[in-house]
Amino acid sequence: MGYNAATNDPFEVIRRAREAEALATREALAAGGTRSFQAVAKLTASMKELEALVLAQPYATVGFGQNSSYALGADWVTVASTRILRPAGKNRLSIMAIGTGSAVNTKEYSFPKVKARVVIGGSSGLESFSSPTYGYSGDVHVCTGSYGMAVANPAAAIDVFFQMWTDGTGIFPSSTDNAAQITAQAIFTRE
């Protein structure tokens, strides 16, 4: 636009005011360094920071499973299970599961071994032996197991099982006294 000499001409003053307004409008609509553009750029940056903050927040969830009337055999039997679902945007998992189960031995004067374990996403924890109690309908074997782990990039669904095993095949038939449950606590985060 350049320098314009001062004037008292009213038409020239109106023309210059319109030119200044048109220039301001063009700059506001252009992607230049105007205040409007800077405000939009700052808002976009702030939204990205807010999104990153939200995704960085841990997400906690709990899964429960229970079962009864199962029989035990020489293979590992899943007596209780639950499934944990990974939320979108999370790529790190810390999980802890605890299970407990019981089985009634119906054969007198037998001393079978009963073991249990917790399995998280295909990986099993340590095996634990039962502690038998002698009851009215047979020996009740109670097992408790726990397992925890951390996983980077977990699957979309994580299956958690409580499993039991015995070497006394056929002496732990299906019974309503046989009961098990599992609880899994999981925290998902984003690295």
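## Salt bridges in a predicted model

Asp 159 and Arg 83 join their side chains in a salt bridge, with N and O 2.7 Å apart; a salt bridge here is a side-chain nitrogen of Lys or Arg within 4 Å of a carboxyl oxygen of Asp or Glu. This is a predicted model, in which local features need pLDDT of at least 70, side-chain atom pairs count only at pLDDT 80 or more, and totals for chains, interfaces and linings use all residues. Residues are numbered from 1 along each chain as its sequence is written, and side-chain values use heavy atoms, leaving out hydrogens and water. The structure holds five salt bridges.

**Between two strands**

- Strands (E, at least two residues) and helices (H or I, at least four) are DSSP runs, numbered from the N terminus.

**Within helix α1**

- Glu 12 pairs with Arg 15 in a salt bridge whose closest N and O atoms are 2.2 Å apart.
- Both residues belong to helix α1 (residues 10–29), three residues apart, or about one turn of the helix.
- Glu 12 also meets Arg 16 in a salt bridge, at 3.1 Å from N to O, and these two are four residues apart in helix α1.

**How open are they to the surroundings?**

- Buried means under 20% relative accessible area, exposed over 50%, and partly exposed in between (1.4 Å probe, protein chains only).
- Glu 12 is buried at 19%, while Arg 15 is partly exposed at 36%.
- Asp 159 is partly exposed, at 24%.
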